[in-house]
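Student: I have a structure open and would like to learn how to read it. Could you take me through some of its features?

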Amino acid sequence: MTGVRPALTSRLRLLGIAISFSAASMLASAPASARGPDGIADIAEKVIDSVVNISTSQSVEAKGGGREAMPQLPPGSPFEEFFDDFFKNRRGGSPKGGERGEMQPPRKTNSLGSGFIIDAAGVVVTNNHVIADADEINVIMNDGTKIKAELVGVDKKTDIAVLKFKPVKPIVAVKFGDSDKLRLGEWVIAIGNPFSLGGSVTAGIVSARNRDISQGPYDSYIQTDASINRGNSGGPLFNLEGEVVGVNTLIISPTGGSIGLGFAVPSKTVSRVVDQLQQFGELRRGWLGVRIQQVTDEIAESLNIKPARGALVAGVDDKGPAKPAGIEPGDVVVKFDGRDVKDPKDLSRVVADTAVGKEVDVVIIRKGNEETRKVTLGRLEDTEKVQQAAAKTKEDPVEKPVTQKALGLDLATLSKDLRTKYKIKESVKGVIVTGVDGSSDAAEKRLSAGDVIVEVAQEAVTNAADIKKRVDQLKKDGKKSVLLLVSNGEGELRFVALSVQ
């Protein structure tokens with residue numbers, strides 16, 4: 001064995017050298033596309049002057065006083081006592097006040113983001129969160145020229161803002177490309193102002209499209225591994241034609257730096273938002289007037305829909321466009337204006353993108369059959385509902401209701417006392433839930449005391465016996481689940497599918 005080792009070692013060394021030479025030759029002969037496209041430098045040079053830094057300032061209340069504010073430390077920090085003593089000595093007073101303890105005036109804070117010019121007249125697109133609450137906005141050109149900008153309009157739901165400034169010399173503008181034509185693996189270029197360093201170029205690929213990361217009602221992000229960091233917000237994402245295919249908006253990162261998970265609002269969405277902001281100074285979105293929810297596998301089985309798809313109508317606004325068109329709770333929207341609807345987000349996006357006042361065909365499934373309804377869209381009012389929880393008051397003792405059990409629920413016929421106890425509006429009809437078995441499917445689906453069951457298997461119910469009878473019949477028919485239409489005390493409806501096995 002001792003005589004074999006040197007020879008074996010020699011062979012392994014030779015093999016290692018051969019592998020090294022082989023790897024080197026492979027790298028040398030690798031196509032340029034494997035290392036990235038050759039045109040990135042040309043594209044960057046062509047569009048870099050259209051990318052600008054956005055500088056904002058705003059007044060905020062001073063948290064500390066005097067010439068030096070006390071650092072903000074975590075509660076219980078070992079340095080807390082040290083800085084307390086230090087600032088007291090420096091100021092001759094409390095660290096929470098100014099010199100001699102007086103309150104200090106508001107101070108200015110500055111922030112930097114990115115944007116890009118879409119019109120040589122001085123129109124800039126950026127993110128809303130870049131300029132939100134700013135007292136002053138300035139556009140800084142690639143050559144360092146700083147120009148004051150005015151806000152044209154914002155759309156918080158897509159996080160897009162449009163600015164306007166007066167150019168002091170000819171400027172370069174870029175145009176939008178078609179984000180729908182992007183393919184997975186396609187090269188893209190991000191240009192922005194990361195960490196306030198100034199214009200920087202990074203490249204990567206399209207990692208995914210139509211990403212919903214629960215940031216808003218119209219999520220449909222482009223995901224890219226091109227390095228996007230703090231300060232890149234509002235900057236453009238270019239294709240290899242030098243067209244803007246997205247606006248870099250956010251990253252997912254535990255550190256605040258790029259880990260290859262960057263997201264951009266697609267140009268198809270941005271261009272429409274920008275057009276409306278320039279034209280109206282606000283967004284005018286289409287409105288159908290329905291509340292919708294996901295069609296789960298259980299709900300699809302209950303409605304005889306295969307495969308599970310579409311958006312289930314849980315409620316219809318009495319003053320909305322869907323009401324006169326005959327759309328009802330329990331209908332499932334599967335096509336809108338010629339476009340397939342896969343889920344509720346699909347319907348929300350396509351309705352919002354449709355012009356106000358347009359008459360469209362809406363295809364629904366009702367009791368297993370497809371029907372087409374014509375709807376003239378209204379306008380979505382961008383108002384926020386402020387819901388105030390009613391203060392709990394001491395209730396007078398009420399007579400214990402007669403209850404019946406079904407589906408893990410304690411059920412009772414609605415009475416005046418129960419309406420008062422659970423704050424149920426007179427307009428709400430059905431059978432009230434007075435208790436829920438914690439180990440039941442109903443508890444998992446978040447049914448609770450005070451909910452009112454309006455329909456069972458799309459038929460109205462008025463008493464607990466009705467529900468038990470229908471559930472027993474569904475079991476005999478071999479059904480795996482039952483579809484309930486449930487209302488809260490205010491009359492807001494939702495569908496819930498419960499197992500009957």
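Student: Is Lys367 buried or exposed?

Tutor: This is a predicted model, in which local features need pLDDT of at least 70, side-chain atom pairs count only at pLDDT 80 or more, and totals for chains, interfaces and linings use all residues. Residues are numbered from 1 along each chain as its sequence is written, and side-chain values use heavy atoms, with hydrogens and water left out. Buried means under 20% relative accessible area, exposed over 50%, and partly exposed in between (1.4 Å probe, protein chains only). Lys367, with a relative accessible area of 60%, is exposed.

Student: Where is Lys367 in the fold?

Tutor: Helices (H or I, at least four residues) and strands (E, at least two) are DSSP runs, numbered from the N terminus. Lys367 sits in the loop between β18 (359–366) and β19 (369–376). Its phi is positive, about 50°, although Lys367 is not a glycine.

Student: What is the phi of Asp337, and where does Asp337 lie?

Tutor: Phi of Asp337 is near 50°, again a positive value in a residue other than glycine. Asp337 belongs to the loop between β16 (332–336) and β17 (339–340). With a relative accessible area of 24%, Asp337 is partly exposed.

Student: Which residues does a cis peptide bond join?

Tutor: Look at Lys306 and Pro307, where omega is about -10°. Pro307 is in the loop between α7 (297–303) and β15 (311–316).

Student: Now the inside. Which residues of the largest nonpolar core touch the most other members?

Tutor: Here is the general idea: in soluble globular proteins, nonpolar side chains tend to be buried together. A nonpolar core is a set of buried Ala, Val, Leu, Ile, Met, Phe, Trp, Tyr and Cys residues joined through side-chain atoms within 4.5 Å. The largest one has 26 residues, and Phe116, Val125, Ile160, Ile191, Phe238, Val270 and Val274 touch the most other members. Helix α6 gives the largest share of this core, four residues.

Student: What is Ile191 in contact with?

Tutor: Contact means heavy atoms within 4.5 Å. Leaving aside neighbours within four places in sequence, the partners of Ile191 include Val47, Ile48, Val51 and Phe238. Apart from this core lies another, of 21 residues, among them Leu407, Leu411, Val433 and Ala442.
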